[in-house]
Amino acid sequence: MPKQEEDRILREWTPILLRSILIAAMITLVAGLILTYTFAPDYYVEHYRAAQHGHLIGKETLGLLFDRVRQGNPHAVLTIGLFVLTLVPLARVAFCFILFIRERDYTYVALTAYVLAGLIAGMLAGSAG
């Protein structure tokens, strides 16, 4: 692939990809805020007070989170919105990784693979605890 074609793909598709993810995250977060305001305005105050008294919320699995989203739980919708938002840098690096593989530019494949592995490890470490 010529260098100009690579630049064109990066210039045109990267903003589309990133903006699409940002818009999806924003829509989800706004929906979560509306649900919170409408159905559970005291949710965070109640959980804050519960945490002050040592009643911490347990760890939420992704499956449990999606079940709660289907039930219309505002907290779960907001959490999914934040999760989608964290996909922005991951999608950017993954997009470049695929592009460099396609070009067979193995130096950049190795560098983006390293960054991608770091991002994924960070996400996994964050979900672990």
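Helices here are DSSP runs of type H or I with at least four residues, and strands are E runs of at least two.

Figure 1. The model is predicted. The protein chain holds five helices and zero strands. Along the sequence the order of these elements reads α-α-α-α-α. The radius of gyration of the protein chain is 19 Å, well over the 14 Å given by the globule rule for 129 residues, so the chain is more spread out than a compact globule. The C-alpha trace spans about 60 × 30 × 20 Å along its principal axes.

**Figure 2. Contacts and burial in the protein chain.** Of the 129 residues in the protein chain, 24% are buried. Taking contacts between residues at least 6 apart in sequence, 70% join residues at least 24 apart.

Figure 3. The protein chain has an accessible surface of about 9000 Å². Carbon and sulfur atoms account for 68% of that surface.

Figure 4. His-75 lies in helix H4, which covers residues 74-103. The relative accessibility of His-75 is 17%. A residue counts as buried under 20%, and His-75 is therefore classed as buried. With neighbours within four places in sequence left aside, His-75 is in contact with Tyr-43, Tyr-44 and Glu-60.

Terms used. Residues are numbered from 1 along each chain as its sequence is written. This is a predicted model: local features need pLDDT of at least 70, side-chain atom pairs count only at pLDDT 80 or more; totals for chains, interfaces and linings use all residues. Side-chain values use heavy atoms; hydrogens and water are left out. The radius of gyration is taken over C-alpha atoms; the globule rule is 2.2 Å times the number of residues to the power 0.38. Buried means under 20% relative accessible area, exposed over 50%, partly exposed in between (1.4 Å probe, protein chains only). Contact means heavy atoms within 4.5 Å. Accessible areas come from the Shrake-Rupley method with a 1.4 Å probe; for residues, only the protein chains shown count as cover.
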